[in-house]
Amino acid sequence: MNANPALRAAAASVPERNGSAGPSAFAQNVLAVLERTEYRRIEGGEDLEEIYRLRYKSYRAADMVSELPGHMVHDPLDDLPNCYRFAILIDGQLVSTIRIHHVNSANPVSPSTTVYGDVLNPRIAAGETFIDPSRFAADPDWSQIYPQIPYLTLRLAGMACFHFDAPYCLSTIQEDHTGFYRRIYMSEQIGGVRSYPGLNYPVVLYQANVHAIEERSFARYPFFKSTRMEQRLLFDSPVNGDTAPLTVIPTARFFDRAA
C-alpha cells in the first residue's frame, strides 16, 4: 500500500516524450537530486523507530490512518524474513521510506498477498515471483521541496526486481494514485477494489512487467539504472562476519556521466 499525495504531483510533472538524444530536463533534474541521495537499509534500533514515525507523520497528514498513541505505523509484515526496510536521505536528512517484500514459494506472504491471496497465491504456487513494495511514506515538508522523492524512493523497487530476478512488481495502491503507476511503470490492474487493514481508504492491485518495460524505462528515466554492486549492497545479507554498509550511494549517476 503505497500512499502519498506526492505521487499525483510527480506523475503530472513527467513530460510525454523526450525529443533529444540525451536525458530530458526532467530526468536531469532527478539525477541532480540523486547526486545528494543515500539509501540506508534499516534492521533495527532507533533507525527503525524513526521510519515508523515517518510513516505515521506522512499518513496522518493525508488522513490515511487513524490516530495511534505511539505515533508509529508498523505491522507483523515488517518482521518477515523476506522484508527489506529502507530510509532515503537527501543531504543526510531523512525524507522518505519504503519496505520491499520478495515474494516466492518459499516466502509467500506480503502486503499484497494478505489482501489479494486469491489472485496471487495460485501464481506463487506455480513458481512465479514478485517484488511487493509497500509503506512508501514521504515527509510532507520535504516533499514540497523535493518533488523528485517518489522516483528516488521507488527506484529501490526496480532494483529489487533485477537483483532477485523477479519479473513482476506489484502495487497495492489507492485508486487516485493509479495514474502514476500506469504512466511511469505501464502497470495494469489485476485486482479490484478492496479494504486494507488499518488504512482509511480502499485499494486496488496493479502489476508491472519489468522485463517488458526495461528498455523504455531506462531510456526515459535513466535515474532508474543501477549496478549489480549497488543491488547487492542493498539486498544481500553480509557474509563471513562482514557488516552491512551504513549507507549506499546510488549508481545511476555513473551511467549518466559515462553516456
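Biologist: At roughly what angle do the axes of helix H7 and helix H10 cross?
Modeller: Happy to start there, keeping in mind that this is a predicted model. Helix H7 covers residues 149-163 and helix H10 covers residues 228-235. Their axes come within 10 Å of each other, and the crossing angle is roughly 100°.

Biologist: Thanks! Is H7 roughly parallel or roughly perpendicular to H10?
Modeller: Angles of 65 to 115 degrees count as roughly perpendicular. The axes of H7 and H10 cross at roughly 100°. That makes the arrangement of H7 to H10 roughly perpendicular.

Biologist: How many nonpolar, polar and charged residues does the contact of H7 with H10 have?
Modeller: From H7 come Arg155, Leu156, Met159, Ala160, Phe162 and His163. They meet Arg228, Glu230, Gln231, Arg232, Leu234 and Phe235 in H10. Sorted by class, the contact of H7 with H10 has six nonpolar, two polar and four charged residues.

Biologist: Within what arc do the buried residues of H10 fall, seen down its axis?
Modeller: The buried residues in H10 are Glu230, Gln231, Leu234 and Phe235. An α-helix has 3.6 residues a turn, so residues three or four places apart point the same way. In H10 the buried residues line one face of the helix, because they fall within an arc of 110°.

Biologist: Let's turn to the strands. How many of the eight residues of strand S7 are buried?
Modeller: Strand S7 spans residues 202-209. A residue is buried if its relative accessible area is under 20%. S7 is largely enclosed by the rest of the structure, because the number of its residues that are buried is six.

Biologist: Which residue in S7 is the bridge partner of Ser171?
Modeller: Strand S5, residues 168-173, pairs with S7 in the antiparallel sense. Six bridges make up that pairing of S5 and S7. For Ser171, the bridge partner in S7 is Tyr206.

Biologist: What relative accessibility does Ser187 have?
Modeller: Ser187 is in the loop between helix H8 (178-185) and S6. Leaving out residues up to four places away in sequence, Ser187 touches Tyr181, Arg182, Tyr206, Gln207 and Ala208. Ser187 counts as buried, because its relative accessibility is 5%.

Biologist: Is His71 buried or partly exposed?
Modeller: His71 belongs to the loop between helix H3 (45-61) and strand S2 (83-90). Although His71 is not a glycine, it has a positive phi of about 55°. The relative accessible area of His71 is 45%, so it is partly exposed.

Biologist: What about Arg135: is it buried or exposed?
Modeller: Arg135 is found in strand S4, residues 130-138. Arg135 is not a glycine, yet it has a positive phi of about 55°. With a relative accessible area of 5%, Arg135 is buried.

Biologist: One last thing: what percentage of the residues of the protein count as buried?
Modeller: The protein has 11 helices and seven strands. Of its contacts with a separation of 6 or more, 75% are between residues 24 or more positions apart. Out of 259 residues, the share that counts as buried is 52%.

Definitions and conventions
Residues numbered from 1 in each chain as written. Predicted model: local features only at pLDDT ≥ 70, side-chain atom pairs only at ≥ 80, totals over all residues. Heavy atoms only, no water. Axes fitted to C-alpha atoms, helices over the stretch in contact; angles between N-to-C directions. Helix = DSSP H or I, 4+ residues; strand = E, 2+ residues; numbered from the N terminus. Parallel < 35°, antiparallel > 145°, perpendicular 65-115°, else oblique. Contact = heavy atoms within 4.5 Å. Nonpolar A, V, L, I, M, F, W, Y, C, P; charged D, E, K, R; others polar. Buried < 20%, exposed > 50% of the residue type's maximum accessible area, 1.4 Å probe, protein only. Arc of directions from axis to C-beta. Pairing = 2+ DSSP bridges.
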